[in-house]
Amino acid sequence: MEMDTITEIPDDEYILKCTSACAGCGDSLTLRYVLKAAGPDIVLVMPAGCTAAFQGIYPKTAFTVPVVNIAFGAAAACASGISRMFLATGRTTKVIVYAGDGGTLDIGLQALSGAFERRTDFLYICYDNEAYGNTGMQRSGATPLGAKTTTTPAGKAEVKKDIDAIIAAHNPPYQATACASYPQDLFRKVRKALTFRGPTFIHVLSPCPPGWRYSSEKTIEVGRLAVKSGMWALWEREHGNLAISAPTKAAMKKPVPLEEYLSVQGRFKGIDGTTVEQLKEQIRETFHRFREEEDRP
Amino acid sequence: MTGIQKHDQAAMSRPVEGSAGLTGSWRVFVPVVDNEKCNRCGICSLYCPDAVISRDRIIDLAYCKGCGICAHECPKKAIAMIREEK
Ligand SMILES: Cc1ncc(C[n+]2csc(CCOP(=O)(O)OP(=O)(O)O)c2C)c(N)n1
Ligand code: SF4
Ligand code: SF4
Ligand code: SF4
Ligand SMILES: [Mg+2]
(Lines give C-alpha, C1' and ligand atoms only; values in the text may rest on other atoms or scores of the structure.)
(Ligands and ions follow the chains in the order given, each with its own letter.)
Protein backbone atom coordinates (compact mmCIF):
# COMPACT_ATOMS: atom_id res chain seq x y z
CA MET A 1 0.00 0.00 0.00
CA GLU A 2 2.75 2.42 1.00
CA MET A 3 4.61 2.53 -2.31
CA ASP A 4 1.65 2.74 -4.69
CA THR A 5 0.21 5.81 -3.08
CA ILE A 6 3.36 7.95 -3.04
CA THR A 7 2.83 8.63 -6.75
CA GLU A 8 -0.76 9.82 -6.19
CA ILE A 9 0.42 12.65 -3.97
CA PRO A 10 1.06 15.87 -5.90
CA ASP A 11 4.57 17.36 -5.89
CA ASP A 12 3.20 20.80 -5.00
CA GLU A 13 4.39 22.20 -1.68
CA TYR A 14 2.56 25.02 0.12
CA ILE A 15 5.21 25.71 2.74
CA LEU A 16 8.21 27.64 1.44
CA LYS A 17 11.69 26.68 2.62
CA CYS A 18 11.86 26.83 5.57
CA THR A 19 9.86 27.50 8.69
CA SER A 20 11.40 27.90 12.13
CA ALA A 21 9.88 24.58 13.32
CA CYS A 22 12.30 22.34 15.22
CA ALA A 23 14.29 19.84 13.15
CA GLY A 24 12.21 16.67 12.75
CA CYS A 25 8.89 18.30 13.74
CA GLY A 26 5.92 15.94 13.30
CA ASP A 27 3.51 18.87 13.13
CA SER A 28 5.40 20.26 10.08
CA LEU A 29 5.07 16.89 8.35
CA THR A 30 1.36 16.75 9.19
CA LEU A 31 0.73 20.23 7.80
CA ARG A 32 2.76 19.45 4.68
CA TYR A 33 0.35 16.63 3.76
CA VAL A 34 -2.79 18.43 4.88
CA LEU A 35 -1.93 21.22 2.44
CA LYS A 36 -0.97 18.84 -0.37
CA ALA A 37 -4.38 17.18 0.02
CA ALA A 38 -6.37 20.40 0.34
CA GLY A 39 -4.64 22.39 -2.43
CA PRO A 40 -4.45 26.17 -2.77
CA ASP A 41 -8.15 27.10 -2.69
CA ILE A 42 -8.45 27.18 1.10
CA VAL A 43 -8.35 29.48 4.09
CA LEU A 44 -6.53 28.18 7.14
CA VAL A 45 -7.72 29.37 10.51
CA MET A 46 -5.02 29.04 13.12
CA PRO A 47 -5.02 29.74 16.84
CA ALA A 48 -1.86 30.32 18.89
CA GLY A 49 0.50 27.35 18.99
CA CYS A 50 3.70 26.02 17.40
CA THR A 51 2.32 26.20 13.85
CA ALA A 52 1.19 29.81 14.16
CA ALA A 53 4.62 30.61 15.62
CA PHE A 54 6.67 28.89 12.93
CA GLN A 55 4.74 30.30 9.96
CA GLY A 56 7.11 33.29 10.17
CA ILE A 57 7.46 36.69 11.74
CA TYR A 58 5.37 39.55 10.38
CA PRO A 59 5.64 40.73 7.61
CA LYS A 60 7.04 37.41 6.30
CA THR A 61 5.42 33.98 6.16
CA ALA A 62 6.52 30.58 4.82
CA PHE A 63 2.93 29.54 4.00
CA THR A 64 1.61 30.20 0.50
CA VAL A 65 -2.06 29.76 1.49
CA PRO A 66 -4.03 32.43 3.36
CA VAL A 67 -3.97 32.06 7.15
CA VAL A 68 -6.24 33.87 9.57
CA ASN A 69 -4.42 34.09 12.88
CA ILE A 70 -6.96 34.12 15.65
CA ALA A 71 -7.12 34.17 19.44
CA PHE A 72 -6.39 30.86 21.16
CA GLY A 73 -9.95 29.87 22.06
CA ALA A 74 -11.71 31.22 18.99
CA ALA A 75 -10.62 29.19 15.94
CA ALA A 76 -13.87 27.33 15.29
CA ALA A 77 -15.98 30.45 15.86
CA CYS A 78 -13.83 32.38 13.39
CA ALA A 79 -14.08 29.54 10.87
CA SER A 80 -17.87 29.52 11.26
CA GLY A 81 -18.05 33.18 10.27
CA ILE A 82 -15.82 32.72 7.25
CA SER A 83 -17.69 29.60 6.14
CA ARG A 84 -21.05 31.40 6.38
CA MET A 85 -19.69 34.34 4.41
CA PHE A 86 -18.43 32.01 1.67
CA LEU A 87 -21.81 30.26 1.59
CA ALA A 88 -23.62 33.59 1.30
CA THR A 89 -21.39 34.80 -1.53
CA GLY A 90 -21.26 31.49 -3.41
CA ARG A 91 -17.53 30.90 -2.89
CA THR A 92 -16.32 27.32 -2.91
CA THR A 93 -13.05 28.00 -1.03
CA LYS A 94 -12.65 25.46 1.79
CA VAL A 95 -12.27 26.58 5.39
CA ILE A 96 -9.85 24.52 7.46
CA VAL A 97 -8.98 25.02 11.11
CA TYR A 98 -5.48 23.83 11.98
CA ALA A 99 -5.15 23.80 15.74
CA GLY A 100 -3.03 22.13 18.42
CA ASP A 101 -4.28 19.82 21.14
CA GLY A 102 -4.31 22.60 23.73
CA GLY A 103 -6.25 24.81 21.34
CA THR A 104 -8.70 21.98 20.66
CA LEU A 105 -9.22 19.72 23.69
CA ASP A 106 -8.93 22.49 26.26
CA ILE A 107 -9.26 26.13 25.39
CA GLY A 108 -11.02 25.90 22.00
CA LEU A 109 -13.53 23.24 23.02
CA GLN A 110 -16.67 25.31 23.43
CA ALA A 111 -16.16 27.17 20.13
CA LEU A 112 -15.53 23.81 18.46
CA SER A 113 -18.68 22.26 19.93
CA GLY A 114 -20.71 25.30 18.90
CA ALA A 115 -19.49 25.18 15.30
CA PHE A 116 -20.26 21.44 15.06
CA GLU A 117 -23.71 21.95 16.56
CA ARG A 118 -24.42 24.69 13.98
CA ARG A 119 -23.33 22.25 11.23
CA THR A 120 -20.68 24.69 9.99
CA ASP A 121 -19.26 23.55 6.66
CA PHE A 122 -15.57 23.23 7.52
CA LEU A 123 -12.78 20.80 8.29
CA TYR A 124 -11.23 20.96 11.75
CA ILE A 125 -7.78 19.43 12.06
CA CYS A 126 -6.22 18.92 15.45
CA TYR A 127 -2.50 18.20 15.31
CA ASP A 128 -1.73 16.53 18.59
CA ASN A 129 1.74 16.75 20.16
CA GLU A 130 0.15 15.92 23.52
CA ALA A 131 1.09 19.15 25.33
CA TYR A 132 1.33 22.94 25.05
CA GLY A 133 4.42 22.84 22.85
CA ASN A 134 4.89 26.46 21.93
CA THR A 135 5.05 27.67 25.53
CA GLY A 136 7.44 24.94 26.73
CA MET A 137 5.57 21.60 26.95
CA GLN A 138 3.06 22.09 29.74
CA ARG A 139 0.50 19.29 30.18
CA SER A 140 -2.75 19.50 28.23
CA GLY A 141 -5.93 17.43 28.22
CA ALA A 142 -4.24 15.40 25.46
CA THR A 143 -1.15 14.45 27.48
CA PRO A 144 -1.29 10.71 28.12
CA LEU A 145 -1.25 9.10 31.53
CA GLY A 146 2.29 8.77 32.86
CA ALA A 147 3.93 11.28 30.51
CA LYS A 148 6.31 13.83 31.98
CA THR A 149 5.80 17.43 30.94
CA THR A 150 7.18 20.60 32.51
CA THR A 151 4.06 20.80 34.72
CA THR A 152 3.86 17.05 35.42
CA PRO A 153 7.50 16.30 36.32
CA ALA A 154 6.52 12.99 37.97
CA GLY A 155 4.29 11.92 35.06
CA LYS A 156 0.68 12.92 34.37
CA ALA A 157 -1.76 11.36 36.84
CA GLU A 158 -4.84 11.64 34.61
CA VAL A 159 -5.72 9.84 31.37
CA LYS A 160 -5.88 11.50 27.94
CA LYS A 161 -9.20 13.19 27.23
CA ASP A 162 -11.19 11.36 24.55
CA ILE A 163 -11.85 14.26 22.19
CA ASP A 164 -12.86 11.88 19.39
CA ALA A 165 -15.77 10.59 21.50
CA ILE A 166 -16.79 14.20 22.22
CA ILE A 167 -16.74 14.95 18.49
CA ALA A 168 -18.64 11.72 17.73
CA ALA A 169 -21.41 12.92 20.07
CA HIS A 170 -21.98 15.78 17.60
CA ASN A 171 -22.71 13.26 14.81
CA PRO A 172 -20.46 14.75 12.13
CA PRO A 173 -20.75 13.28 8.62
CA TYR A 174 -17.05 12.34 8.75
CA GLN A 175 -14.34 12.10 11.35
CA ALA A 176 -11.00 10.33 11.38
CA THR A 177 -7.72 9.88 13.16
CA ALA A 178 -4.31 9.92 11.48
CA CYS A 179 -0.63 10.11 12.32
CA ALA A 180 2.26 12.07 10.78
CA SER A 181 4.14 8.78 10.28
CA TYR A 182 1.48 7.61 7.80
CA PRO A 183 1.37 10.54 5.34
CA GLN A 184 -0.47 8.64 2.59
CA ASP A 185 -3.27 7.69 5.00
CA LEU A 186 -3.44 11.29 6.25
CA PHE A 187 -3.52 12.63 2.68
CA ARG A 188 -6.39 10.32 1.73
CA LYS A 189 -8.41 11.18 4.84
CA VAL A 190 -8.04 14.95 4.28
CA ARG A 191 -9.13 14.54 0.65
CA LYS A 192 -12.12 12.49 1.78
CA ALA A 193 -13.13 14.89 4.58
CA LEU A 194 -13.26 17.74 2.08
CA THR A 195 -15.88 15.92 -0.02
CA PHE A 196 -18.46 16.20 2.79
CA ARG A 197 -20.71 19.15 3.58
CA GLY A 198 -20.91 20.07 7.22
CA PRO A 199 -18.42 19.82 10.05
CA THR A 200 -15.64 17.23 9.70
CA PHE A 201 -12.79 16.44 12.04
CA ILE A 202 -9.36 14.80 11.75
CA HIS A 203 -7.20 14.19 14.82
CA VAL A 204 -3.54 13.71 13.88
CA LEU A 205 -0.91 12.40 16.28
CA SER A 206 2.19 14.49 15.52
CA PRO A 207 5.34 13.39 17.36
CA CYS A 208 7.49 16.19 18.79
CA PRO A 209 11.22 15.51 19.39
CA PRO A 210 11.95 18.10 22.10
CA GLY A 211 8.60 17.66 23.85
CA TRP A 212 8.59 13.87 23.87
CA ARG A 213 12.33 13.78 24.49
CA TYR A 214 13.67 11.63 21.67
CA SER A 215 16.24 12.53 19.01
CA SER A 216 14.88 14.12 15.85
CA GLU A 217 15.57 11.29 13.39
CA LYS A 218 13.06 9.06 15.24
CA THR A 219 9.89 11.07 14.52
CA ILE A 220 8.48 8.59 11.98
CA GLU A 221 9.55 5.58 14.06
CA VAL A 222 7.94 6.95 17.23
CA GLY A 223 4.60 7.62 15.47
CA ARG A 224 4.72 4.17 13.90
CA LEU A 225 5.34 2.56 17.30
CA ALA A 226 2.40 4.52 18.73
CA VAL A 227 0.15 2.88 16.13
CA LYS A 228 1.73 -0.57 16.25
CA SER A 229 1.47 -0.70 20.06
CA GLY A 230 -2.13 0.55 20.06
CA MET A 231 -1.34 3.74 22.02
CA TRP A 232 -2.71 5.52 18.96
CA ALA A 233 -5.37 4.05 16.68
CA LEU A 234 -6.08 4.87 13.02
CA TRP A 235 -9.72 4.79 11.92
CA GLU A 236 -12.43 6.79 10.20
CA ARG A 237 -16.15 7.10 10.77
CA GLU A 238 -18.41 8.03 7.88
CA HIS A 239 -22.04 8.83 8.78
CA GLY A 240 -21.50 6.92 11.99
CA ASN A 241 -19.96 3.81 10.39
CA LEU A 242 -16.57 2.89 11.76
CA ALA A 243 -13.77 1.64 9.50
CA ILE A 244 -10.52 0.67 11.16
CA SER A 245 -7.47 1.58 9.04
CA ALA A 246 -5.08 -1.21 8.01
CA PRO A 247 -2.16 -0.46 10.40
CA THR A 248 -4.51 -0.52 13.40
CA LYS A 249 -6.20 -3.68 12.16
CA ALA A 250 -2.76 -5.27 12.20
CA ALA A 251 -2.09 -3.91 15.70
CA MET A 252 -5.41 -5.37 16.94
CA LYS A 253 -4.28 -8.81 15.75
CA LYS A 254 -0.76 -8.53 17.09
CA PRO A 255 0.34 -5.36 18.88
CA VAL A 256 4.02 -4.67 19.50
CA PRO A 257 4.75 -4.50 23.25
CA LEU A 258 3.85 -1.07 24.63
CA GLU A 259 7.30 -0.88 26.25
CA GLU A 260 8.83 -0.49 22.77
CA TYR A 261 6.89 2.75 22.31
CA LEU A 262 7.50 4.06 25.83
CA SER A 263 11.20 3.30 26.04
CA VAL A 264 12.23 5.38 23.00
CA GLN A 265 10.89 8.54 24.66
CA GLY A 266 12.37 10.44 27.59
CA ARG A 267 8.92 11.64 28.70
CA PHE A 268 8.10 8.09 29.88
CA LYS A 269 11.44 7.51 31.57
CA GLY A 270 11.00 5.91 35.00
CA ILE A 271 7.27 5.20 34.47
CA ASP A 272 6.11 2.64 37.07
CA GLY A 273 4.72 -0.80 36.32
CA THR A 274 1.20 -0.03 37.56
CA THR A 275 0.89 2.92 35.18
CA VAL A 276 2.15 0.83 32.26
CA GLU A 277 -0.49 -1.80 33.15
CA GLN A 278 -3.18 0.93 33.19
CA LEU A 279 -2.08 2.07 29.73
CA LYS A 280 -2.16 -1.51 28.45
CA GLU A 281 -5.64 -2.02 29.90
CA GLN A 282 -6.77 1.16 28.08
CA ILE A 283 -5.47 -0.24 24.81
CA ARG A 284 -7.28 -3.55 25.35
CA GLU A 285 -10.50 -1.64 26.12
CA THR A 286 -10.17 0.51 22.99
CA PHE A 287 -9.63 -2.55 20.80
CA HIS A 288 -12.58 -4.27 22.48
CA ARG A 289 -14.82 -1.25 21.76
CA PHE A 290 -13.67 -1.24 18.12
CA ARG A 291 -14.53 -4.94 17.69
CA GLU A 292 -17.97 -4.41 19.23
CA GLU A 293 -18.67 -1.35 17.09
CA GLU A 294 -17.51 -3.09 13.91
CA ASP A 295 -19.64 -6.17 14.63
CA ARG A 296 -22.79 -4.12 15.19
CA PRO A 297 -25.13 -4.50 12.18
CA MET B 1 6.76 41.84 -1.55
CA THR B 2 6.29 42.20 2.18
CA GLY B 3 5.19 44.94 4.54
CA ILE B 4 1.93 46.89 4.73
CA GLN B 5 0.56 47.64 1.29
CA LYS B 6 -1.91 50.27 0.24
CA HIS B 7 -5.08 48.20 0.29
CA ASP B 8 -4.34 45.98 3.30
CA GLN B 9 -7.25 45.93 5.72
CA ALA B 10 -5.33 44.03 8.38
CA ALA B 11 -1.74 43.29 9.34
CA MET B 12 -0.85 40.80 6.63
CA SER B 13 2.29 38.74 6.06
CA ARG B 14 3.35 37.69 2.58
CA PRO B 15 5.04 34.44 1.55
CA VAL B 16 8.80 34.54 0.94
CA GLU B 17 11.46 31.85 0.88
CA GLY B 18 13.87 32.11 3.80
CA SER B 19 11.35 33.73 6.15
CA ALA B 20 13.19 32.09 9.07
CA GLY B 21 16.66 32.65 7.60
CA LEU B 22 18.91 29.93 6.19
CA THR B 23 17.88 27.05 8.46
CA GLY B 24 20.75 24.95 7.08
CA SER B 25 22.94 26.77 9.60
CA TRP B 26 21.17 24.80 12.39
CA ARG B 27 22.72 21.55 11.19
CA VAL B 28 25.26 19.50 13.09
CA PHE B 29 25.10 16.46 10.78
CA VAL B 30 24.61 16.67 7.02
CA PRO B 31 22.79 13.98 4.98
CA VAL B 32 24.91 12.56 2.14
CA VAL B 33 23.21 10.29 -0.44
CA ASP B 34 25.11 7.36 -1.94
CA ASN B 35 23.65 7.12 -5.44
CA GLU B 36 25.05 3.60 -5.88
CA LYS B 37 22.93 2.26 -3.01
CA CYS B 38 19.84 4.43 -3.70
CA ASN B 39 16.95 2.68 -5.47
CA ARG B 40 15.00 5.91 -6.10
CA CYS B 41 12.04 4.82 -3.96
CA GLY B 42 11.28 8.38 -2.79
CA ILE B 43 10.78 7.48 0.87
CA CYS B 44 13.31 10.08 2.05
CA SER B 45 11.46 12.94 0.37
CA LEU B 46 8.10 11.53 1.51
CA TYR B 47 9.07 11.90 5.16
CA CYS B 48 11.23 15.06 5.15
CA PRO B 49 9.21 17.40 7.40
CA ASP B 50 10.64 20.44 5.67
CA ALA B 51 10.30 19.21 2.07
CA VAL B 52 13.90 20.04 1.18
CA ILE B 53 14.52 16.83 -0.83
CA SER B 54 13.55 17.14 -4.49
CA ARG B 55 12.04 14.33 -6.52
CA ASP B 56 15.50 13.55 -7.97
CA ARG B 57 16.86 13.37 -4.41
CA ILE B 58 18.82 16.63 -4.41
CA ILE B 59 18.88 17.95 -0.84
CA ASP B 60 18.74 21.73 -0.50
CA LEU B 61 21.53 22.25 2.01
CA ALA B 62 20.78 25.94 2.43
CA TYR B 63 17.67 24.82 4.34
CA CYS B 64 18.06 21.16 5.42
CA LYS B 65 17.94 21.21 9.24
CA GLY B 66 19.84 17.94 9.59
CA CYS B 67 17.07 16.14 11.51
CA GLY B 68 18.24 12.76 10.17
CA ILE B 69 14.78 11.38 9.35
CA CYS B 70 15.70 10.72 5.70
CA ALA B 71 18.75 8.64 6.73
CA HIS B 72 16.83 6.81 9.46
CA GLU B 73 13.95 5.86 7.14
CA CYS B 74 15.91 5.03 3.96
CA PRO B 75 15.29 1.30 3.34
CA LYS B 76 18.63 0.98 1.48
CA LYS B 77 20.72 2.76 4.12
CA ALA B 78 21.84 4.98 1.25
CA ILE B 79 21.98 8.18 3.33
CA ALA B 80 24.76 8.81 5.83
CA MET B 81 24.63 11.60 8.41
CA ILE B 82 28.12 13.10 8.48
CA ARG B 83 29.34 15.57 11.10
CA GLU B 84 29.75 18.88 9.36
CA GLU B 85 32.85 21.05 9.59
CA LYS B 86 31.83 24.69 9.78
C1 LIG C 1 -5.70 33.02 25.73
C2 LIG C 1 -4.27 32.59 25.62
N3 LIG C 1 -3.70 31.88 26.63
C4 LIG C 1 -2.43 31.47 26.53
C5 LIG C 1 -1.68 31.76 25.42
C6 LIG C 1 -0.25 31.31 25.35
N7 LIG C 1 -0.05 30.19 24.42
C8 LIG C 1 0.33 30.40 23.14
S9 LIG C 1 0.57 28.99 22.29
C10 LIG C 1 0.22 28.06 23.65
C11 LIG C 1 0.31 26.56 23.58
C12 LIG C 1 -0.54 25.94 22.53
O13 LIG C 1 -0.61 24.57 22.71
P14 LIG C 1 -1.26 23.67 21.59
O15 LIG C 1 -2.58 24.19 21.21
O16 LIG C 1 -1.21 22.25 22.05
O17 LIG C 1 -0.30 23.87 20.33
P18 LIG C 1 1.27 23.55 20.25
O19 LIG C 1 1.99 24.76 20.76
O20 LIG C 1 1.53 22.34 21.07
O21 LIG C 1 1.52 23.35 18.80
C22 LIG C 1 -0.10 28.87 24.74
C23 LIG C 1 -0.44 28.38 26.09
C24 LIG C 1 -2.30 32.51 24.38
N25 LIG C 1 -1.65 32.81 23.25
N26 LIG C 1 -3.58 32.91 24.50
S1 SF4 D 1 8.03 21.95 19.89
FE2 SF4 D 1 7.41 20.07 18.82
S3 SF4 D 1 5.53 20.60 17.66
FE4 SF4 D 1 6.54 22.51 18.28
S5 SF4 D 1 7.81 23.08 16.50
FE6 SF4 D 1 9.12 21.91 17.92
S7 SF4 D 1 8.92 19.77 17.23
FE8 SF4 D 1 7.26 20.91 16.28
S1 SF4 E 1 14.97 6.62 0.73
FE2 SF4 E 1 17.07 5.93 0.25
S3 SF4 E 1 16.81 4.52 -1.44
FE4 SF4 E 1 14.90 5.68 -1.32
S5 SF4 E 1 15.20 7.44 -2.72
FE6 SF4 E 1 15.85 8.12 -0.69
S7 SF4 E 1 18.07 7.74 -0.64
FE8 SF4 E 1 17.23 6.53 -2.34
S1 SF4 F 1 18.09 15.66 7.39
FE2 SF4 F 1 15.93 16.13 7.80
S3 SF4 F 1 15.64 18.18 6.91
FE4 SF4 F 1 17.52 17.36 6.02
S5 SF4 F 1 16.86 16.37 4.14
FE6 SF4 F 1 16.90 14.77 5.72
S7 SF4 F 1 14.79 14.70 6.46
FE8 SF4 F 1 15.01 16.65 5.37
MG1 LIG G 1 0.18 20.82 21.51
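Me: A salt bridge is a side-chain nitrogen of Lys or Arg within 4 Å of a carboxyl oxygen of Asp or Glu. This model is predicted. What makes the pair B:Asp60 and A:Lys17 a salt bridge?

Reply: The side chains of B:Asp60 and A:Lys17 meet with N to O at 2.8 Å. The limit is 4 Å, and the pair must join a Lys or Arg to an Asp or Glu, so the name applies. Between chain A and chain B, three salt bridges are counted.

Me: Why is the pair A:Arg188 and A:Glu236 called a salt bridge, and what does this pair tie together?

Reply: The N to O distance between the side chains of A:Arg188 and A:Glu236 is 3.0 Å. That falls within 4 Å, and Arg and Glu both belong to the definition, so this is a salt bridge. A:Arg188 lies in helix α8 of chain A and A:Glu236 in strand β8 (residues 235-238) of chain A, so parts 48 residues apart in sequence are tied together. Over all chains, the count of salt bridges is 22.

Me: How many residues does each chain give to the contact, and what area is buried?

Reply: Chain A gives 37 residues and chain B gives 34 residues. About 3000 Å² is buried between chain A and chain B, with 58% of it from carbon and sulfur atoms. On the side of chain A, A:Lys17, A:Cys18 and A:Tyr58 lose the most area to chain B, together 23% of what that side buries.

Me: How many residue pairs are in polar contact between chain A and chain B, and which elements take part on the side of chain A?

Reply: The count is 16 residue pairs, both residues at pLDDT 80 or more. In chain A, the elements giving two or more residues to the side that touches chain B are α1 (2-6), α2 (26-38), β2 (60-61), α8 (183-193) and α10 (219-229). By class, that side has 16 nonpolar, 11 polar and 10 charged residues.

Me: How do you know that β2(A) and strand β1 of chain B pair?

Reply: β2(A) and strand β1 (residues 14-15) of chain B are joined over two bridges, in the parallel sense. Pairing needs at least two bridges, so these strands qualify. In β1(B), B:Pro15 is the bridge partner of A:Thr61.

Terms used. Residues are numbered from 1 along each chain as its sequence is written. Chains are lettered from A and ligands numbered from 1 in the order in which they are written. This is a predicted model: local features need pLDDT of at least 70, side-chain atom pairs count only at pLDDT 80 or more; totals for chains, interfaces and linings use all residues. Side-chain values use heavy atoms; hydrogens and water are left out. Contact means heavy atoms within 4.5 Å. Buried area is the accessible area (1.4 Å probe) that two parts lose on being put together, summed over both. A polar contact is a pair of N or O atoms within 3.5 Å; within protein, one must be able to donate a hydrogen and the other to accept it, and residues adjacent in sequence count only if both atoms are side-chain atoms. Helices (H or I, at least four residues) and strands (E, at least two) are DSSP runs, numbered from the N terminus. Ala, Val, Leu, Ile, Met, Phe, Trp, Tyr, Cys and Pro count as nonpolar, Asp, Glu, Lys and Arg as charged, and the others, Gly among them, as polar.
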